Amino acid sequence: MKKTILGLFAFSMMSATALAADIKPAIIYDLGGKFDKSFNEAAFNGAEKFKAETGIEYREFEIANDAQREQALRRFASDGNSPIVMAGFNWAASLEKIAPEYPDTKFAIIDMVVDKPNVKSIVFKEQEGSYLVGVLAGLASETKTVGFVGGMDIPLIHKFACGYVGGAKSTGEGVKVLEAYTGTTPDAWNDPVKGGEITKSQIDQGADVVYHAAGGTGVGVLQAAADAGKLGIGVDSNQNMLQPGKVLTSMLKRVDVAVYDAFTAAKDDKFEFGVSNLGLKEDGVGYALDEHNKALITPDMLEAVEKVKAEIIAGNLEVHDYMTDESCPY
């Protein structure tokens, strides 16, 4: 009897090990590095949470240039990693080419739709979260002029900007939104000096709250706003702690949840392909409220933004998605 129990125990341990061995998750970050305090770091945090909870290790890679994308993706796939999560829309071209070559590999891409049978595409309703922080910006502004600093000048980032404009202007007549971008190449995500310069220029034009959607460049935006005694708004990750008391809030884009869920679904054999579009209703976006910014948001501001949030979730307020027609009606 004892031998039987020991044998069953050994078999169960072998089965668990085999299951874990079948899951070889990997994540490849976009330019800017995994510690960009924003998009990539959120992806890293999701992977770390998965590892902490399951004990399953994951592989990772930080590209240094665009030329490394295809090579890194093919290497991970040929090594048997699955699922492979790519952080960022810039992975789309490489994935379009490589996914068909490895039909048994599970791929997930964040911020772009790649229509392949073995790909999960995870996109977000950034316009909804941006609308909320726009409401807070409009209510907090004393000058009724607020700013937006985008990274790469592409439709996705205009999606953030348009939602923000809509939210800010909904707070009253005469609200003005200044809008600028740091570049047209991937270098735009990692230029905090230029981000700071644009922020200073917007402050000189009267902006007293500046929201960024610029990856690592945004660190310079928040720093410049704080140095000038104005308020910044972070993005993707909770960036309130970067300049405590000087960051009004952060627009949360739950990239961490996307990575964690992709890894977990693969582990549980529940990985689903196709498109997931995550907004306020799905807790895919939101705004940050913590000890670093609670003194900046009055009860009236909180009540107003929560009312708007509820209206969006209920479907009573639809925030325009810039990417549907590449226009902003606000």
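I will start with Leu248, which sits in strand S10. Before going further: this is a predicted model. Is Leu248 buried or exposed? Its relative accessibility is 0%, so Leu248 counts as buried. Leaving out residues up to four places away in sequence, Leu248 touches Leu136, Ala137 and Ala140, then Val209, Leu231, Gly232 and Ile233, and finally Asn293, Leu296, Ile297 and Met301. For a sense of distance, take Met323, which is 75 residues from Leu248 along the chain. The C-alpha atoms of Leu248 and Met323 are separated by 27 Å.

Now the strands around S10. Strand S10 covers residues 247-253 and runs parallel to S9, with 5 bridges joining the two. Within that pair, Asp236 stands opposite Leu252 of S10. Strand S9, residues 231-236, is mostly covered, and 6 of its 6 residues are buried. S9 is also joined to strand S8, residues 209-213, by 3 bridges, again in the parallel sense. Here Val209 has Leu231 of S9 as its bridge partner. Val209 and Leu231 are both among the residues that Leu248 touches. Between S8 and S9 comes helix H8, residues 218-227, and S8, H8 and S9 form a right-handed β-α-β unit.

Strand S3 spans residues 84-87 and is covered on both faces. Ile84 and Met86 are buried on one side, Val85 and Ala87 on the other. S3 runs parallel to strand S1, residues 26-29, through 3 bridges. The bridge partner of Ile27 in S3 is Val85. S3 also pairs with strand S4, residues 107-110, in the parallel sense, this time over 4 bridges. In that pair, Ala87 is placed opposite Ile110 of S4.

On the loop between H4 and S4 we find Thr105. Thr105 counts as buried because its relative accessibility is 9%, where the limit for buried is under 20%. What does Thr105 contact beyond its neighbours within four places in sequence? The answer is Ala77, Asn81, Ser82, Ile84 and Asn118.

On to the nonpolar cores. The largest has 67 residues, and the members that touch the most others are Ile110, Phe148, Ile157, Phe160, Tyr164 and Tyr211. Helix H9, residues 255-267, gives the largest share of this core, at 8 residues. Why does the core lie between domain 1 and domain 2? Domain 1 (26-125 + 256-282) and domain 2 (126-252 + 285-324) both contribute residues, so the core lies between them. Of its members, consider Phe160. Setting aside neighbours within four places in sequence, Phe160 is in contact with Glu126, Ser130, Phe148, Tyr211, Ala213, Val235, Asp236, Met251 and Lys253. Phe148 and Tyr211 are named alongside Phe160 in the list of core members that touch the most others. There is also a second, separate core of 19 residues, which includes Ile63, Ala72, Leu73 and Phe107.

Now the backbone. As background, most residues other than glycine have a negative phi, and most peptide bonds are trans. Which peptide bond is cis? The bond from Ser82 to Pro83 is, with omega near 5 degrees. Pro83 belongs to the loop between helix H3 (68-78) and S3.

Two residues have positive phi without being glycine. Asp283 has phi near 60 degrees and sits in the loop between strand S11 (274-278) and strand S12 (285-287). Glu326 has a phi of about 50 degrees and lies in the segment after helix H11 (322-325). Glu326 is exposed, because its relative accessible area is 51% and exposed means over 50%.

Last, the record. In an unreviewed entry, UniProt lists residues 35-312 as "domain: ABC transporter substrate-binding protein PnrA-like". In the model, that span is 41% helix and 22% strand, and its end C-alpha atoms lie 32 Å apart.

Terms used. Residues numbered from 1 in each chain as written. Predicted model: local features only at pLDDT ≥ 70, side-chain atom pairs only at ≥ 80, totals over all residues. Heavy atoms only, no water. Core = buried A, V, L, I, M, F, W, Y, C linked by side-chain atoms within 4.5 Å. Buried < 20%, exposed > 50% of the residue type's maximum accessible area, 1.4 Å probe, protein only. Domains from an automatic or database assignment. Contact = heavy atoms within 4.5 Å. Pairing = 2+ DSSP bridges. UniProt positions renumbered as here; feature names shortened; annotations may be inferred. Right-handed = clockwise from strand over helix to strand, strands pointing away.
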